[in-house]
Amino acid sequence: MPELPEVETIVSDLKPVLVGRFFVGLTGTHKNSISGAIDNIATIKGGKVVEVKRRGKFINIFFENDYVMTIHLRMSGRILTRDLNEEQLKFERTRIDFNDVSLRFCDVRKFGKVWISKKSEYEKVTGISKLGLEPLNNELTVEKFIKIMNGKKGTVKKWLLDQSLVAGIGNIYADESCFYAGVRPDARMEKLKRKELEKLFKSVMKALKQGIKNRGTSISDFQDAYGQKGRNQELLFVYGRGGQKCLKCSNTLERAVVAGRGTVFCKKCQK
DNA sequence: CCATCATCCTGCCGGC
DNA sequence: TGCCGGCAGGATGATG
């Protein structure tokens, strides 16, 4: 599923493709995917793209004309760049056309969404306003991380996944971060000592940066804007490896449900 | 205040 | 081989 590194990969692909292009139209074969966009389609026609930016797991395409197109891929969404005359793709829910390129929003599970809203209100409309700190633009320091997480009642995994604290971490990177930190995902956050919180912070950063460096984790069919797979799945220690041997100590990895999500960890390496 | 559950949706996997 | 139940899961909202 697309998390921060996957969305970052897509955004870095889209930027050179879209900036300077003009919006032509948006058509949806699945209404729920574009419910937030329909009213404003006409408003941004002819609008020039000035910037493409990620915030948490959201993609934002900024137009010169004071509007923003926002996309959230949720579970199974993909954005693929195609020629305008290319036929409809499998699971294509929405196509977003620019003067000489077409974005195809493909989404098996139909959870993803597209919005078009005014710059002055897009954060409210899309839910971006509820997001917490960005991990990778120096907004999130170790001190801020400790301040945010320290004393939170509940499992470590639950708080790592909470987008209103730190934006962008999902199931894959939460499990990998916990492994790096030597902390069980079902450990209580309020019981972590300062040293452990520091280690957790470094682990989150390491996991996310490594994910970006390797252009995302293609374990559940993630693809970048050109349909290419990432490489980060080759570097996972725990996610998706329940029942297999720990790569560090050869112990059999545990599988459990934590914070309502499938979770894998090593009982020996993580406390 | 907290956790858990249902919802949305459909491909895929295991069991029989 | 084929059918079917159940699972996966980001985010939100309802329920215990």
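**Contacts and rings**

Guide: A side-chain N or O atom of K110 lies 2.3 Å from a phosphate oxygen of DNA strand B; a polar contact is a pair of N or O atoms within 3.5 Å. This is a predicted model, in which local features need pLDDT of at least 70 and side-chain atom pairs count only at pLDDT 80 or more, while totals for chains, interfaces and linings use all residues. Residues are numbered from 1 along each chain as its sequence is written, chains are lettered from A and ligands numbered from 1 in the order in which they are written, and side-chain values use heavy atoms, with hydrogens and water left out.

Visitor: Which polar backbone atom is 3.3 Å from a sugar or linking oxygen of DNA strand B?

Guide: That atom belongs to R109.

Visitor: Which residues are around DNA strand B?

Guide: A residue is near a strand if one of its heavy atoms lies within 4 Å of it. Here the residues are N32, F91, V108, R109, K110, F111, K153, G154, K158 and R188. They divide into three nonpolar, two polar and five charged, where Ala, Val, Leu, Ile, Met, Phe, Trp, Tyr, Cys and Pro count as nonpolar, Asp, Glu, Lys and Arg as charged, and the others, Gly among them, as polar.

Visitor: How is a pair of aromatic rings described?

Guide: The description uses the distance of the centres and the angle of the planes. Rings of Phe, Tyr and Trp (its six-membered ring) pair if their centres lie within 6.5 Å; planes under 30 degrees apart count as stacked, over 60 as edge-to-face and the rest as tilted. The structure holds seven aromatic pairs. One of them, F145 with F201, is tilted, at 5.5 Å between centres and 50° between planes. F145 lies in helix α3 and F201 in helix α6, so this pair ties together parts 56 residues apart in sequence; helices are DSSP runs (H or I, at least four residues), numbered from the N terminus.

Visitor: Are F145 and F201 buried or exposed?

Guide: Buried means under 20% relative accessible area, exposed over 50%, partly exposed in between (1.4 Å probe, protein chains only). F145, at 0%, is buried, and F201, at 10%, is buried.

How values were computed
Helix = DSSP H or I, 4+ residues; strand = E, 2+ residues; numbered from the N terminus. Polar contact = N/O pair within 3.5 Å; in protein donor to acceptor, adjacent residues only side chain to side chain.
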